Amino acid sequence: MPLLLCALPAQAQPRIGVGLDLFTENSHLTGEQAINLSRRDESFDYGSTSVLSATLTMTVPAPFARERARLGGGVRLFGNYGTENEGKLFGLGLLNQAFVSGEYGLPVADRMEALVGLRGGLTLLLPGREFSDEIDRLQDDGVSVWSLPRVGWLLGMSLGARRRMSEKIFLRADLAGQFEKLYLFSTSQKIDGIQFDKNWDTFGLRLGLTLGAEFSL
């Protein structure tokens, strides 16, 4: 297998990619808590308190247009993800993403390609900090909420450029936009004859610049 990979041109070989993402976001938490007929709106707009994340990818040539199109997948790690609303911090926990992706490269100059890409996948939040405290508070009050990771989805696209530095090394930069939704609470139950409901979910747009490198195997 190593001999076979060496015999393939760099464009046709699998690639490992690493990237550092600088981002900003505009998100909204839609939340409501109800006890019998009394309802409290807990919604607010927010932005992330962090501006950096890291991405690891692996891609292979697509079955179609093998010299230009690539398919693959990857993970994106945000670390401790939190919000700031009216000067108050609210930590949600460890945010991670797993996605599949596709991209098409068009030559524009010597060793340079213009890129357009799409990605979609799942978001996984490991509860922590203030969000974990809220879960513990509800559990202490007898509410059946889980401490398990919360899930969601993501969908995004990117425009970028890639330069071949050698047969095995490529540098790239991408501007990306991504929609993301997370499901945090969806609870409806009776506690000692009292109806209790709590629903939280988030939806936002994340814009960013990714600087990275790819290495042919």
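Which residues make a nonpolar surface patch of about 630 Å²?

## The nonpolar patch

This is a predicted model. Its nonpolar surface patch is made by Val 18, Leu 56, Val 75, Leu 77, Met 165, Ile 169, Leu 171 and Phe 215. The patch covers about 630 Å².

Val 18 lies in strand β1. Its relative accessibility is 41%, so Val 18 counts as partly exposed.

## The negative patch

The surface also holds a patch of negative charge. Four residues gather there: Glu 130, Asp 133, Asp 136 and Asp 140. Look at Asp 133 in the structure. Asp 133 belongs to helix α2, which runs over residues 129-140. Is Asp 133 buried or partly exposed? Asp 133 counts as partly exposed, because its relative accessibility is 48%.

## Salt bridges

How many salt bridges does the structure hold? There are 18. Start with the pair Arg 137 and Asp 141. Their closest N and O atoms are 3.5 Å apart. Arg 137 has a relative accessible area of 33%, so it is partly exposed. Asp 141 counts as partly exposed too, because its relative accessibility is 47%.

Now turn to Arg 172. The side chain of Arg 172 meets that of Asp 174 in a salt bridge, with an N to O distance of 2.9 Å. Both Asp 174 and Arg 172 are buried. Arg 172 also forms a salt bridge with Glu 214, at 2.7 Å from N to O. Glu 214 lies in strand β10 (residues 194-216), while Arg 172 lies in strand β9 (residues 169-191), so this pair ties together parts that are 42 residues apart in sequence. The relative accessible area of Glu 214 is 5%, so Glu 214 is buried. The value for Arg 172 is 16%, and the limit for buried is under 20%. Therefore Arg 172 counts as buried.

These pairs belong to a network. Salt bridges that share partners join seven residues: Arg 15, Glu 103, Glu 113, Arg 162, Arg 172, Asp 174 and Glu 214.

Why does Glu 113 count as buried? Its relative accessibility is 8%, so it falls in the buried class. Compare the position of Glu 113 with that of Arg 164. The two are 51 residues apart in sequence. In space, their C-alpha atoms are 8.7 Å apart.

Ser 27 sits in strand β1, which spans residues 15-35. Ser 27 counts as buried because its relative accessibility is 5%. Which side chain does the side chain of Ser 27 contact? It makes a polar contact with the side chain of Glu 25, at 2.6 Å.

## Two loop residues with positive phi

Asn 36 has a phi near 55°. That is a positive value in a residue other than glycine. Where does Asn 36 lie? It is in the loop between β1 and β2 (38-41). At 41% relative accessibility, Asn 36 falls between the limits, so it counts as partly exposed.

Asp 192 has a positive phi as well, of about 55°. Asp 192 is not a glycine either. Its place is the loop between β9 and β10. Is Asp 192 buried or exposed? Its relative accessibility is 79%, so Asp 192 counts as exposed.

## A glycine in a strand

Gly 156 is found in strand β8, residues 150-164. With a relative accessibility of 8%, Gly 156 counts as buried. How far apart are Gly 156 and Asp 197 in sequence and in space? They are 41 residues apart along the chain. Their C-alpha atoms are 32 Å apart in space.

Technical notes:
Residues numbered from 1 in each chain as written. Predicted model: local features only at pLDDT ≥ 70, side-chain atom pairs only at ≥ 80, totals over all residues. Heavy atoms only, no water. Patch = residues over 30% accessible without salt bridge, like charges linked within 9 Å, V, L, I, M, F, W, Y side chains within 5 Å. Areas by Shrake-Rupley, 256 points an atom, 1.4 Å probe, with all protein chains shown as cover. Lys, Arg positive; Asp, Glu negative; His and termini not counted. Charge placed at Lys NZ, Arg CZ, Asp CG, Glu CD. Helix = DSSP H or I, 4+ residues; strand = E, 2+ residues; numbered from the N terminus. Buried < 20%, exposed > 50% of the residue type's maximum accessible area, 1.4 Å probe, protein only. Polar contact = N/O pair within 3.5 Å; in protein donor to acceptor, adjacent residues only side chain to side chain.
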